[in-house]
Amino acid sequence: MGIRVEGVTKRFGSFTALNDVSLDVQQGSLTALLGPSGSGKSTLLRVIAGLERPDAGRVTISGEDATSVAPRKRGVGFVFQHYAAFKHMTVRGNIAFGLKIRKRPRAEVRARVDELLALVQLQPFADRYPSQLSGGQRQRMALARALAVEPKVLLLDEPFGALDTRVRGELREWLHRLHDEVRVTTVFVTHDQEEAMALADQIAVLHDGRIEQVGSPRDLYDQPQTPFVMSFVGAAAQLGERWVRQHDLDLKLEPTAGALEARVERIARLGFEARVELQLAGSGTIWAQMTCAELNRLELERGATVWVMADRARVFAESS
Amino acid sequence: MRRLTLRTVALGYLALILLGPLSVVFWRAFEKGFGPAWNAVTTPEALHAFQLTLVIAAIAVPANTIFGVLCALLIVRHPFPGKGLLNALVDLPLALSPVVVGFALFLLYGRTGWFGSWLSGHGIQVLFALPSMILATAFVSIPFVVREVVPVLREIGTDQEQAAETLGASQWQTFRRVTFPAIRWAVAYGVVLTTARSLGEYGAVSVVSGRLAGQTETATLYVSDRYENFDIVGAYAASVVLALMAIVVLLTMNLLRPKEGVH
């Protein structure tokens, strides 16, 4: 087992950031902690790193109880959202930091840093200072710095949060390849469900200091266990008691048994997909997602009356 | 137009308050030529006074630098119940007249004072001697390093320190390799201000030193002593030396500072 978190509770004053949280992370896996801000995901990561001390519970890393071990002795690599670059050191100095602290021989440090510079593709920037790098480059440097000490686990706190969309995408791909190469147990925090789905083998969804569900991206999407997971991992709409994904709404032009009558309020074509805003006959609005090809076939227009089928809707037991 | 007015007002004020008096000092010192001025500041008493001022600064400044950095770390990084009080206390020397400080030390270390009776019983002379002068100087120059370092520590945040920690650095290694390099300019500026304040201290030292010429007379006390004895050239010439010391300290700072822009 890579990391085991058992019954961890963490309070800040009267605010409970983590409430009896347990989580297993497989050796060598890539796990995402997904949740909205304030859900406790970053706190959980910091508890694993030892940067926060839990009020209750245990953290085990590679089979050893790490709960009362200082961060510097846990063998974790930590990457911060805002890079936490050592501003007065060059890229080389930053990456070498952990090795110098460990008093490794100079030749070894040099060789290892060169290797990491190649891994994160920063060789041409080795002698620059962080202020001379772009955000994406700084984050790659921070990753190399964390990997230099060969951590047992790599922890990333919203690693792409401060980057623009295009660089995010690139860095995400790159992290995926890196993980395939290095295979270190990795946990990253994100509030972006797409990022979590694209990268992780396993996702833990957090909400109000609790873990709502843990599973593969596919499990979470196809078998959500709570309305929160259903609406946070992919979009979902509520129809009375039932929850349904917008792309599972089926629009009929004829009255159909079990369908809800609705009026088309607005149609938005977004390229491949289209969104149809509907005013339900009872009350409330909902939007349906379909391909533009489907929209063309239906020949829908604003003001038209349709019947909405929601066969694949889910009903959740009263929230636990 | 408005900018011109602003400039005139600012520079005019500076000239009136700062440059005017300073020019007079230089003017009067060298009124009778360089020779008399030189002779006035190379008498044994004068040399002793300058030396004493430097010795006091050489002890008070490092002590206040170490205390100032520790105090700033305590205030910013390790919140504790009495933090607000400490924060306010640090500023006290700025608000309190140095003469009051001098009298407080006088009462504490005088022959009948709380510490004074015990210390003199053990043959340690504090008052009218170097120790009390160092205490007085350290007291009045406490705030500068703390006040320079606190905002910078706040600004750099804890990310870099935590990163160092996860990379295996101990508290001391983190301070030496990460925190200190980030605050070194604030520390340097604090040291400059502390030094300048120490060199110029008059009120508190005047009370505790006893002002014995050639023994417990610092440069500022020497200036005052010369003036009271109608040795105008001596007073002004010594003032020039003090002013030059201050200028050298400030220039050193400014010469060092541009290196910051490199990275």
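## Worked exercises on a two-chain model

Lys10(A) has 22 C-beta neighbours inside 10 Å, so it counts as buried. (The cut-offs: 20 or more other C-beta atoms within 10 Å of a residue's own make it buried, 12 or fewer exposed, anything in between partly exposed, with C-beta atoms placed from the backbone.)

Some ground rules. This is a predicted model, where local features need pLDDT of at least 70, side-chain atom pairs count only at pLDDT 80 or more, and totals for chains, interfaces and linings use all residues. Residues are numbered from 1 along each chain as its sequence is written, while chains are lettered from A and ligands numbered from 1 in the order in which they are written.

**Exercise 1.** Find where Lys10(A) sits and what it is in contact with, leaving aside its neighbours within four places in sequence.

*Solution.* Start with the element: Lys10(A) belongs to strand E1 of chain A, residues 3-12. (Strands are DSSP runs of E, at least two residues, and helices are runs of H or I, at least four, both numbered from the N terminus.) Next, list the contacts, meaning pairs whose C-beta atoms, placed from the backbone, lie within 7 Å. Lys10(A) is in contact with Ala17(A), Leu18(A), Thr43(A), Val47(A), Glu52(A), Pro54(A) and Asp55(A).

**Exercise 2.** Is Lys252(A) buried or exposed?

*Solution.* Count first: Lys252(A) has 12 C-beta neighbours inside 10 Å, so it goes down as exposed. Then place it: this residue is in strand E13 of chain A. Its contacts, again skipping neighbours within four places in sequence, are Ala259(A), Val306(A), Trp307(A) and Met309(A). Take Met309(A): 57 residues separate it from Lys252(A) in sequence, but C-alpha to C-alpha the gap is 7.5 Å.

**Exercise 3.** Work out the strand order of the 5-stranded sheet in chain A.

*Solution.* The order reads E13-E17-E14-E15-E16, an open sheet with antiparallel pairing. (Two strands pair if DSSP finds at least two bridges between them.) For the edges, look for strands that pair on one side only: these are E13 (250-252) and E16 (285-291) of chain A. From one strand to the next, the twist averages 45°. Now zoom in on one pair: E14 (residues 260-269) and E17 (residues 305-309) of chain A run antiparallel and share 4 bridges. Across that pairing, Arg263(A) faces Thr305(A) in E17(A).

**Exercise 4.** Describe how helices H3 and H4 of chain A pack.

*Solution.* Two numbers describe a helix pair: the angle between the axes and the distance between them. H3 (residues 106-119) and H4 (residues 135-148) of chain A pack at about 140°, with axes 10 Å apart. (Axes are lines fitted to C-alpha atoms, for helices over the stretch in contact, and angles run from 0 to 180 degrees between N-to-C directions.) That angle makes H3(A) oblique to H4(A); under 35 degrees would be roughly parallel, over 145 roughly antiparallel, 65 to 115 roughly perpendicular, and the rest is oblique. The residues that make the contact are Arg112(A), Leu116(A), Leu117(A) and Leu119(A) from H3(A), and Ala144(A), Leu147(A) and Ala148(A) from H4(A).

**Exercise 5.** How many residues of chain B are in contact with chain A?

*Solution.* On the chain B side there are 15, facing 21 residues of chain A. Elements that give two or more residues to this side of chain B are helices H9 (159-166) and H10 (171-200). The largest share, 6 residues, comes from H9(B).

**Exercise 6.** Which phi value does Asp20(A) have, and where does the residue lie?

*Solution.* Phi of Asp20(A) is near 50°, positive in a residue other than glycine. Asp20(A) lies in strand E2 (residues 15-25) of chain A. With 14 C-beta neighbours inside 10 Å, Asp20(A) is partly exposed.

How values were computed: Two residues are in contact if their C-beta atoms, placed from the backbone, lie within 7 Å.
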